[in-house]
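Please look over the structure shown here before reading the short report that accompanies it.

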Amino acid sequence: MARIVMKFGGTSVGDIDRIKNVANRVKREVDAGNQVAVVLSAMSGVTNQLVAWCNQMAKLPDPREYDTVVATGEQVTIGLLAIGLQELGLEARSWCGWQIPIRSNGVHGKARIDSIDTARMSAAMAQGQVAVVAGFQAVGPDERISTLGRGGSDTSAVALAAALGADRCDIYTDVDGIYTTDPRIVAKARKLHRITYEEMLELASVGAKVLQTRSVEMAMKHRVRVQVLSSFEDKPGTLVCDEDEIVEKELVSGIAYSRDETKVTLTRVPDRPGVAASIFGPLADASVNVDMIVQNVSEDGRFTDLTFTVAHTDLERAREVLNAAQSSLGFERLSDDPDVVKVSVIGVGMRSHAGIAQKMFQTLAQEGINIQVISTSEIKISVLIAEKYTELALRALHTAYGLDAA
Ligand code: ADP
Ligand code: ASP
Ligand code: MG
């Protein structure tokens, strides 16, 4: 008998018929003799609506109350699925994060899971009960509901699979696997049968939202076998696994984009030792993640411009922190541009092959696309460009790296 975790995303539980479809899929796994824990998202669109309501109440809503509101979407779907499973003659119950409990740190809005006490749930599963778990939510050290950041149900699922010692963690979604790039934008995207944890981690961290970054980190750490597959069609999906399980290695395995970036520029920052620390320190303290950074060479050696990117949702907080410290930091002006996209090319082949970055720059130049910021890591190159070029850039790069499906 195997123990499995099945996770269904927002589109997969988008209406009552789809939740009934999920119930049938779960029943198949139970009938096959498996112990099953199901992790659900809110119905598609619901979390966006809840977030929008919070933002209509306040420019910077209290993060604890924000979590109280946005965690509610998942409570609806788990209750409905438990009812649906009972209707099919199965034993099932719903579990909110705090009931298990799934414990997190206190960073409301993007909490990290610290521990999961699976004792009660595990005992119920061993008795044949299907556990239907609310994704995205946990309980913080303050005993209040916390949420794990957008897309966090993936992380709930993988964390639960690790804690339960599950044999598999199947992530059901609205595409039938992981592709070389977002198949909704590039029609010629090619489905991958397997991808390494490392490559998927990079892809996720630069915006491929098919899996939340933390879920991949956790899968890699605990060696959870994660599979991404369609909740609507019965076809093999994509397995995320170790490098030694992959026979054919590509130079470039994928291209991702993130529209969730705002470019922030501080002009005339005094050019002296410690200035970067004094800018990025307070941002980190306020849990603002800073991504790409460029510091221009100052012309007179006294002042410089500093450009970096933050997530849209962090912009307001970043502004608040920096404006409050403007006189001590001594910069002249803070400006921001939300109409940018970060496009990234990923591949383990970059470790051993030169010229991959050059191909990216050349391809974008041929399309007349200006690069605003560049950053690189061992297996990744990212560029920041104007958002209106997203599709053009993705398609051109996909072709240039020979990734197009036949
Ligand atoms: P869910 O609601 O099931 O969690 P998400 O919308 O979070 O689904 O993630 C699935 C979406 O991820 C797909 O619809 C697709 O548009 C997008 N996506 C981005 N990059 C990729 C990729 N490389 N492979 C597959 N899907 C991708
Ligand atoms: N419902 C949450 C979101 O939309 C979590 C998830 O679906 O993974 O971000
Ligand atoms: Mg998702």
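Predicted model: local features only at pLDDT ≥ 70, side-chain atom pairs only at ≥ 80, totals over all residues.

## Around ligand 1

Ligand 1 is surrounded by 16 residues, and the closest of them are Thr 173, Asp 174, Tyr 179, Asp 182 and Arg 184. Sorted by class, this shell is made up of 6 nonpolar, 5 polar and 5 charged residues.

Side chains make polar contacts with oxygen atoms of ligand 1: a polar side-chain atom of Arg 184 is 2.8 Å from one such oxygen, an N or O atom in the side chain of Asp 182 is likewise 2.8 Å from an oxygen atom of the ligand, and for Lys 7 the corresponding distance is 3.1 Å. Of the 570 Å² of accessible area that ligand 1 has on its own, the protein covers 89%.

## Around ligand 2

The shell of ligand 2 consists of Ser 41, Ala 42, Thr 47, Glu 74, Phe 136, Arg 150, Gly 151, Gly 152 and Ser 153, which by class gives 2 nonpolar, 5 polar and 2 charged residues.

Here the backbone takes part: polar backbone atoms lie 2.9 Å from an oxygen atom of ligand 2 at Gly 151 and 3.4 Å from one at Gly 152, while at Ser 153 a backbone N or O atom is 3.0 Å from an oxygen atom of the ligand. The protein covers 87% of the 260 Å² of accessible area that ligand 2 has on its own.

## Helices H7 and H8

Helix H7, residues 197–205, packs against helix H8, residues 213–222, at an angle of about 165 degrees, and their axes are 8 Å apart. The two helices are therefore roughly antiparallel to each other, and the crossing of H7 and H8 is left-handed.

Conventions:
Residues numbered from 1 in each chain as written. Chains lettered and ligands numbered in written order. Heavy atoms only, no water. Near = heavy atom within 4 Å. Polar contact = N/O pair within 3.5 Å; in protein donor to acceptor, adjacent residues only side chain to side chain. Areas by Shrake-Rupley, 256 points an atom, 1.4 Å probe, with all protein chains shown as cover. Nonpolar A, V, L, I, M, F, W, Y, C, P; charged D, E, K, R; others polar. Axes fitted to C-alpha atoms, helices over the stretch in contact; angles between N-to-C directions. Helix = DSSP H or I, 4+ residues; strand = E, 2+ residues; numbered from the N terminus. Parallel < 35°, antiparallel > 145°, perpendicular 65-115°, else oblique. Left-handed = near helix turned anticlockwise from the far one by under 90°.
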